[in-house]
Each structure stands twice: as C-alpha cells, then as structure tokens.
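Here are my notes on the model, point by point. Please read them alongside the coordinates.

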Amino acid sequence: MIIAIASGKGGTGKTTVAASLTHAWPNPVVAVDLDVEAPNLHLFLHPEEAGRQKAVIEVPVADESKCTYCRKCSELCQFAAVKVLGEVLMVFPEMCHGCGGCIAICPEGALTPGERELGDIIWGKAGKADFIMGRSRIGEAMSPPLMRQVKTKLAQIAPAGADVIIDAPPGVSCPAVNAVMDADVIVLVTEPTPFGVFDLGLAHKAFAPMGKPMGVVVNRAGMGTDEVYHFCRRNGLDIFAEIPYDRAIAEAYAEGRIVAEAVPAAGKILTALAARLRSFAGDDGAKEASRV
Amino acid sequence: MFEIVVLSGKGGTGKTSLTAAFAQLAQPAVICDLDVDAPDLHMLLKPEILRTESFQSGHEAVIRPEDCTNCGTCGEMCRFDAVIPGDDAPAIDPLHCEGCKVCVTFCPANAIDWQLRTCGEWYHSETRFGRMVHAQLYPAQENSGRLVALLREQAKELARQRQIPLILSDGPPGIGCPVISSLSGASFAVIVTEPTPSGRHDLARIVELCAHFKVPVGVIVNKHDLSPARTAEIVADCKAKGLFLLGQVPFSPEVTEAMVAGRTIIEHNQGPLAQQVKEIWSNLSTHIKNAQAA
C-alpha cells in the first residue's frame, strides 16, 4: 500500500511522522522523500547510499540555420520557452515544461531534443527500510517532473510487495498534488494553531476530490485551540493520531533523531498509527510500489 | 523602492509570525503575502478586502467525445500521462494535464477544446498597518509563480502611487517556482531558520538560491534555545559564508498565543520576546539604510 504524508502548512511534522512510521512499520517498506525542494527525511533516516542518478527533462535545442521562422513552435508553446522574434529563433530552456510539442511540430527539424538538469535521485537502505529521495537542482523552478522520475525509479528499486511511505512537500498546489495522487491513504499532519487549521482546510479541499481515504494527525496536541477537532468533526475527517506538545519531542527532532525511537511515549503513538494505516490496505485493493 | 521578501526553505520556521511583526514596525510599507498556495498572513493582519480579482492563467484540454475518433494520438503524444483511455473516447485528467496544448494541436479530428483555467483570486486590502496585496490560489491549481509575479507588480504599483518606499513580503516555503518568482529582482531576502537538521539543510539551499539570483540575505534563527548546539552550527555556517546574522528569537508559547488572538508578537508581548524582534527589525532597517546609501 502507499501512504502519503502531507500537510498544507509547512513545519507541522510531516518528516517526523514519515521517519517514525518508517521506523515503526511492521512490513517491508520504502520511505520516499518527494519534497524535492527541501528534502529532509534523509537527515533522520540516515540512509546508506546504494545509487544515484541525474534527472533531466527534454528541452529543445535550436539549429537556426534550418529555421524558416514559420512560428509554429512559438504559437504552440504555452510557457514562453520558444520564441520567434522577426527573424530570430530563441529558446529559453529554463521555461520549458518538456512537452515535446515544438520539436514535434517543427516542419524543418530546426528543433531537436536536448536536456535540462532537474536534480538528483538518490536511493539506498535505511536500516531494514528501503529509501529513495529526489533533490532539485538549485535554481530549478519545476518540482513535478523530478517527482515523476523519482516515482519511476521507486517502481524499479522497490522490493516486491513492499509498502510505500511518501513524505510530501507542503502546500496544496501542483507539487503536493503530485505527491499524494497515487496514494491509497492520505495522512494530513497539522498542528492545532490558527495557521495549521486554515491550511488543513486548504489541503482537505485540494485532496478530497480524489476520493481517497484521508485522516489527520494532530501534532503538538495541547497547544493552540480546539478548532482542529471541530474542523475534523464537521468534515468527517478521522483523527488517526495525536502527538502531544512536548519539548522532549522537539529536542529529539532538533538532534536529528527519529522521534518514535527517541521518545517512548511517541513511539507507542506512532506504532498504533502504523497499525491503523495498515488497516486501509484491504485484501487486494492496495497498490504496491511497482504500480505507482 | 526597497523590496524585502521573507523566506525559509523549510516550512513552519516562523516566517509569517515575524513578517506580521515587521509589518507593524515597518510602517509605512506595502504588505504582500506571496505564499499564494497556503497564505496565513491575513489571519494576523485581518485585512479588509477593498477589491477582488479573479486570476486566470493557463488552459486545460477537454475532449469532446462526440467528435473523437479514438485514434489514440493524444495519448501517444502526452508526456504527462494525462490521457485516460476509454472505450469510446479518452478523457483528460485535469490533475495530470500540464496545459501544454500538444493534444489539442495534434488531434486529427479537432476534438479537443482548450479552456481557460481560473486558478485563484487576488485582493487589494486595508490593514491596521497599511495596504496589503494578497491572493488565494484555488486548491490543487498551478501557476503559483505567475500569481506571485502579478502580486509583486500590484505591490510595486501601489507603492509608486502612494510614494511608499518599502514593500514587505511574506514568502512561500521551498526553493521552486513560487520562491524563484518571489525572489528574482527583490532587494533583500530575510531568511528565517530553526536550529534543527532540516532548518540548517534547507537554509543552505535557500541561501544558494539567493546567491544565484544575486539577492543579499540576512538570517534569523528562530526558536534558537531549542538546540543551542544546532544554533551554534548555523551561526558558524553564516560566518563561514559571510552572511549577515540579523538575530535570534527564543522559542515561546506566546507566538502561538498571539496567533490565536490574531495579533502580532509585539502587540501581544511587551517583554523580552518583543524586544528581540524589535532589535532584529532595527538591525535590518539600519542595514537597508546603509545599503541604500552605498
């Protein structure tokens, strides 16, 4: 089965939950860091690297000597990555989404496939668990293409039958949607503060139309207000777990430790959460890593 | 006109709570929330919306089944796995559709419509600290970078009209599209980090991004007392890279209390916490004045 750990608001504890769940997971599991802009899961799981590869996206390369300035490419491109200005053909590879349209439509063969580097894909073992992450190149604007390639690599490296725990990026726009769209169950990690509850509402709105089982982990429970519980009740969202507001947990995180391992009380909560999430696997409906 | 954007790399380090306090201290400034995906600044500044505009950007492909011959061209050419095969006609999954128009262009039956997407709303508002420009991207939408660019243009226009010398923006987390759009061409980036492995790791990435765009940075270590050892590492990192350390803020439940009350840290607290934040602002404004004089 595939579990996505998402949040809306950043810094609510996605990585804490993902690292601890990986640690507490009773079955073979692959931990996947899809927060490629700010990947942090490896800082807690300390994986031993088994391999890495560069991820690239196809972008056009121009051979202006063949260009007749017919403008078919610039009329097609929706991202201002190819422009014909008078009798000048210009390519802006940083803007390109890699759709391949300009190369396909050019009648003269003046545009051919080249590459832009998206970042790295790194994989290995973290204890018993398998691990894979994407890390975007500094200056790269687009996360979803790298995320898609991490998922492709995941399908190749994941042991047969392994479950998958995805650490998603914050927010509710395209990167977050890309991280949760393949999941069997979505875990929304929030904190009981006004910002936490507002962004939980945004995440709920963004992900609910996918029709997947979804529930909430209230992190730092005891701070802020009760509004998060009212919100969950009103919207029929189950509370999968509550992790108390505890300075010992914050300090364990600050030391780079897996909270479930470092703080026994939190360990119990996260083991129970793992069991609860396992119950969503069902008999046959759940996906395996190979089907991401 | 000086444009400050508050960033962090890692989310949840305290950007918004600090930006709200700075907005109070910075007056007169145009305030801007560039985290259009998960905006929170309005919860502290309680803007009264003066003007609402819809944000339309990009298109999405929609197949007309009655005209489709199910030839399969769209599915073959789509690089984004957005075409879901069907017995009579395929359909486009809007979550996967990148809006590239390849299927529309190459469909031999001309059976694919090209519809404008409405991605969100943006607002001009009044707050107790001055005018504010902000937005809400609709959930699961794209083009946040374009919406960020639009907000920055609106903020600049407002600052020009009212002869306000400063724009103060709360930025998005991460280092991708909306952050690049917030950062490129800005005058100064305030980076809020926290003494955790994640905070330190993501600080290094956002600092490198700022260097890439040649935007000078100042660093704030929030919740510094959570781990004195990690704070010392971050301070050492900053020194090694020659980064301007604006100051440190202690971990305090009062930050959440202020949030619950819908107030800034310095409206809520008159003690050492508020004092620290004021000192940071004072360091920042001195730095800006020196930078402008130079």
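1. Chain B falls into two domains: domain 1 takes in residues 2-46 together with 128-293, and domain 2 covers residues 57-118. Their C-alpha centres are 41 Å apart. Note that this is a predicted model, and every value below was computed from it.

2. E60(B) sits in strand β3 of chain B, residues 48-63.

3. Which residues does E60(B) touch, once neighbours within four places in sequence are set aside? The contacts are P94(B), C97(B), G99(B), Q115(B) and R117(B). As for D93(B), 33 residues away along the chain, its C-alpha atom is separated from that of E60(B) by 9.6 Å.

4. Overall figures for chain B are as follows. Its secondary structure consists of 11 helices and 11 strands. Along the principal axes, the C-alpha atoms occupy a box of roughly 70 × 45 × 40 Å. Chain B has 294 residues, of which 54% count as buried. Among contacts in chain B with a separation of 6 or more, 76% join residues 24 or more positions apart.

5. For chain A, the secondary structure likewise comes to 11 helices and 11 strands. The box filled by its C-alpha atoms, again taken along the principal axes, is roughly 70 × 40 × 40 Å. Of its 292 residues, 54% count as buried. Contacts between residues 24 or more positions apart make up 74% of those in chain A with a separation of 6 or more.

6. The largest nonpolar core has 99 residues. Those with the most contacts inside this core include I3(A), A4(A), I5(A), I165(A) and V187(A). Leaving out residues up to four places away in sequence, V187(A) touches I3(A), A4(A) and I5(A), and also V17(A), G215(A), V217(A) and F240(A). Another core, of 73 residues, lies apart from the largest one, and V6(B), L151(B), I220(B) and I280(B) are among its members. In soluble globular proteins, nonpolar side chains tend to be buried together.

7. In chain A, helix α1 (residues 14-24) packs against helix α11 (residues 264-278) at an angle of about 75°, and the axes are 9 Å apart. The angle therefore makes α1(A) roughly perpendicular to α11(A). On the α1(A) side the contact is made by S20(A), L21(A) and A24(A), and on the α11(A) side by G267(A), L270(A), T271(A), L273(A) and A274(A). By class, the residues of this contact are five nonpolar, three polar and no charged.

8. The contact between the chains takes 51 residues from chain A and 50 residues from chain B. Which elements of chain A give two or more residues to the side that touches chain B? They are α4 (101-105), α6 (174-180), α7 (194-207) and α9 (247-254). Of these, α7(A) gives the most, with seven residues. The side of chain A that touches chain B has 25 nonpolar, 20 polar and six charged residues.

Key
Residues numbered from 1 in each chain as written. Chains lettered and ligands numbered in written order. Predicted model: local features only at pLDDT ≥ 70, side-chain atom pairs only at ≥ 80, totals over all residues. Core = buried A, V, L, I, M, F, W, Y, C linked by C-beta atoms within 7 Å. Buried ≥ 20, exposed ≤ 12 C-beta atoms within 10 Å, placed from the backbone. Contact = placed C-beta atoms within 7 Å. Axes fitted to C-alpha atoms, helices over the stretch in contact; angles between N-to-C directions. Helix = DSSP H or I, 4+ residues; strand = E, 2+ residues; numbered from the N terminus. Parallel < 35°, antiparallel > 145°, perpendicular 65-115°, else oblique. Nonpolar A, V, L, I, M, F, W, Y, C, P; charged D, E, K, R; others polar. Domains from an automatic or database assignment.
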